[in-house]
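Hi,

Here's the structure I promised to pass on.

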Amino acid sequence: MFGLLARRLAAALPTLAGVIVVTFLMTRALPGDPAAYFAGPAATREAVEEIRRQLGLDQPLWVQFGDYLADLARGDLGLSITTGQPVLADIAQRLPASAELTLIGLLIAAGFGVPMGVAAALRPNSWVDHLCRVIATAGVSLPTFFTGLLLVYVFYYQLGWAPAPLGRLDAFSSPPPQVTGFYLIDSLLAGDIETFTGAAAQLALPALTLGIFALAPIARMTRGSMLSVLSSDFIRAARAAGLSGNTIVIRYALRNALLPVVTTLGMVLSFLLGANVLVEKVFAWPGIGSYAIEALIASDYAPVQGFVMAMAILYVALNLVIDLAYQAIDPRVRIEA
Amino acid sequence: MSQPPLLSVEDLSVEFRTRSGTVRALEAISFAIARGETVGVVGESGSGKSVTAYTVMRLLDDAARITSGRIMFGGLDMLGADAGTLAELRGRELSMIFQNPRASLNPIRRVGQQIADVLLRHANVGAKEAGERAVALLAEVGIPEPSRRAKAYPFELSGGMCQRIGIAIALACRPALLIADEPTTGLDVTTQATIMDLVSELGRARGMATMLITHDLGLATERCDRVVVMHAGHVVEDAPTAALFAAPRHPYTARLFAATPRPGLALSEISTIPGGLPDLRRDDLPPCRFSTRCDRRRDACDAPPLPRVTHQGRLVACHNPL
Ligand SMILES: Nc1ncnc2c1ncn2[C@@H]1O[C@H](COP(=O)(O)OP(=O)(O)OP(=O)(O)O)[C@@H](O)[C@H]1O
Ligand SMILES: [Mg+2]
């Protein structure tokens with residue numbers, strides 16, 4: 001178990017090194033001059049050069065990279081020019097917002113996608129199957145910002161069921177005392193039902209937006225893998241033994257069919273992390289996605305680098321969790337590991 | 001016959017609708033199995049043995065259509081029975097063991113639990129007793145250290161062990177009929193013999209009837225009271241083993257015997273059957289599907305219908321039998 005963990009983390013090191021190099025080069029290659037931005041439109045040429053020197057941007061690229069590495073080693077991701085805060089502090093403060101949104105989005109996607117896939121596979125080419133296909137295709141082909149805006153239009157503007165899309169809590173509530181940074185969990189820990197429902201209401205539409213987006217890959221994968229498992233020999237044998245429909249579908253077929261679905265969750269999560277950026281923008285969600293976009297527009301390198309690093313670490317960590325989950329379901333992997 | 005047979009299949013036809021045409025997998029086949037009797041079903045690959053077994057179990061996939069016939073099992077009309085009745089029956093009165101033992105077990109469930117699932121479903125026992133009885137069954141099918149092996153997953157066991165698990169599952173509720181579809185294919189010769197001994201022994205002890213499907217005529221004559229010979233979806237001959245062995249009447253059966261290795265027969269004397277099975281998707285299949293491969297063919301063979309002559313308890317479907 002710990003051996004596997006260590007091996008997985010070691011295997012992730014080259015990925016992280018690659019991410020460090022690429023983000024560094026990428027931000028330098030982007031158009032825009034941070035010194036000019038920071039100095040403001042009225043600044044003289046000399047003032048801009050002065051700031052450039054202060055920021056170390058006049059140094060050769062490899063010196064800048066060396067400084068960057070040294071800072072990273074100290075856990076220093078640099079200062080955000082826009083917020084004036086250390087990037088690490090900014091990200092640490094905003095990461096739970098993104099993580100909560102993404103995970104709830106994934107839960108919604110799996111909570112609907114898996115049953116849809118199963119229903120479709122039990123009656124292939126029936127109306128259930130076609131309906132599932134239409135829903136899933138629509139979900140994945142609509143751009144997330146559009147789905148988000150549509151949901152806001154219908155449920156906030158027209159029906160008035162959802163609160164204004166303005167962040168994690170409305171202006172009159174205060175966040176629960178921080179434990180996990182997930183408002184849903186922290187408010188429950190504090191026994192504050194009112195904040196819980198408030199946070200859930202704020203979360204509903206953006207999480208639904210992400211969920212609709214991630215529904216298609218999960219539903220399709222479940223359907224396909226259910227179909228192949230249902231036609232396999234051991235299901236025929238289970239039917240020959242007279243096992244009941246529920247036992248066959250859930251305990252025999254679904255558990256086997258979920259194995260490839262769990263593997264694809266890694267890919268779905270990386271979709272979601274990408275889609276997050278726009279959804280956060282639409283719903284004024286104070287996560288790291290909207291933070292990165294604002295920094296990018298301002299040619300503010302450090303937060304963008306920090307964002308990409310955080311995403312890479314998150315991605316590696318989530319894939320590790322998925323591997324462990326896979327092991328928990330599949331005994332064959334447990335032995336090999 | 002005073003008592004009706006345990007299983008009777010009458011005039012059964014099955015087709016598969018596929019993209020490349022309709023496969024006429026079974027055409028008007030009939031046979032019966034009495035209580036406690038062991039009947040072999042033999043024929044080359046593709047002759048319809050498995051389709052027959054799946055039809056009796058009502059486990060055909062959706063592409064299949066039963067176009068004619070009747071299957072009676074212990075007084076129940078199997079083709080008219082609803083899904084609930086069938087599920088009650090399967091595993092309790094009517095069981096099956098499969099050709100590929102490992103693939104027939106749930107790969108991610110402990111084998112003891114898989115046996116217990118069947119007991120929980122049919123035997124009216126609680127989880128604890130089902131677990132204990134599963135271990136007892138493992139011992140009964142000759143698995144050493146049964147309580148440890150009950151916790152194993154299929155991939156941790158050998159093919160022979162997996163087939164023993166399959167037998168334990170099939171026999172858990174003491175069925176009246178066991179359908180064994182090539183239960184020893186893919187196992188080594190010694191394991192084959194022990195598995196077959198196990199099936200015969202447990203079958204005898206329980207007074208169970210067995211339908212033993214095999215492509216090995218030698219195995220069938222060794223183990224069975226009666227043998228049904230199938231070719232391209234037809235039953236071409238159905239006779240008591242001794243009579244069949246002494247004098248096969250259908251040219252195909254004779255060919256099968258000639259193609260079966262026996263002690264005292266040099267390898268060079270073993271002949272192969274010329275030609276192959278006809279394409280079952282053809283619309284113009286001849287009445288006798290063996291006629292193109294047969295050296296006793298006459299003009300009458302091309303005229304329908306295919307005769308099905310029963311004489312002294314044996315059936316031959318041939319115009320010009322031996
Ligand atoms: N699902 C299916 N769809 C289409 N054709 C099928 C299907 N299942 C079986 N068949 C056809 O039915 C015929 C009989 O097949 P079956 O599996 O019963 O042969 P078999 O006698 O069991 O052969 P083997 O010894 O190889 O197991 C074959 O021609 C096969 O192609
Ligand atoms: Mg077969």
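Predicted model: local features only at pLDDT ≥ 70, side-chain atom pairs only at ≥ 80, totals over all residues.

Residues are numbered from 1 along each chain as its sequence is written, chains are lettered from A and ligands numbered from 1 in the order written, and side-chain values use heavy atoms, leaving out hydrogens and water.

Helix α7 (residues 144–158) of chain A packs on helix α9 (residues 193–230) of chain A at about 135 degrees, with the axes 9 Å apart (axes are lines fitted to C-alpha atoms over the stretch in contact, and angles run from 0 to 180 degrees between N-to-C directions; helices are DSSP runs of H or I, at least four residues, numbered from the N terminus).

In chain A, the axes of α12 (residues 288–297) and α13 (residues 301–329) come within 8 Å and cross at roughly 150 degrees. Among the residues touching there are A:Tyr291 and A:Phe307.

Now the cores (buried Ala, Val, Leu, Ile, Met, Phe, Trp, Tyr and Cys joined through side-chain atoms within 4.5 Å; buried is under 20% relative accessible area, 1.4 Å probe, protein chains only). The largest has 104 residues, with B:Ile115, B:Ile165 and B:Ile167 touching the most other members. Helix α11 (residues 245–282) of chain A gives the largest share, 15 residues. Apart from this core lies another of 46 residues, including B:Val39 and B:Met230.

Cheers

Conventions. Helix = DSSP H or I, 4+ residues; strand = E, 2+ residues; numbered from the N terminus. Contact = heavy atoms within 4.5 Å. Buried < 20%, exposed > 50% of the residue type's maximum accessible area, 1.4 Å probe, protein only.
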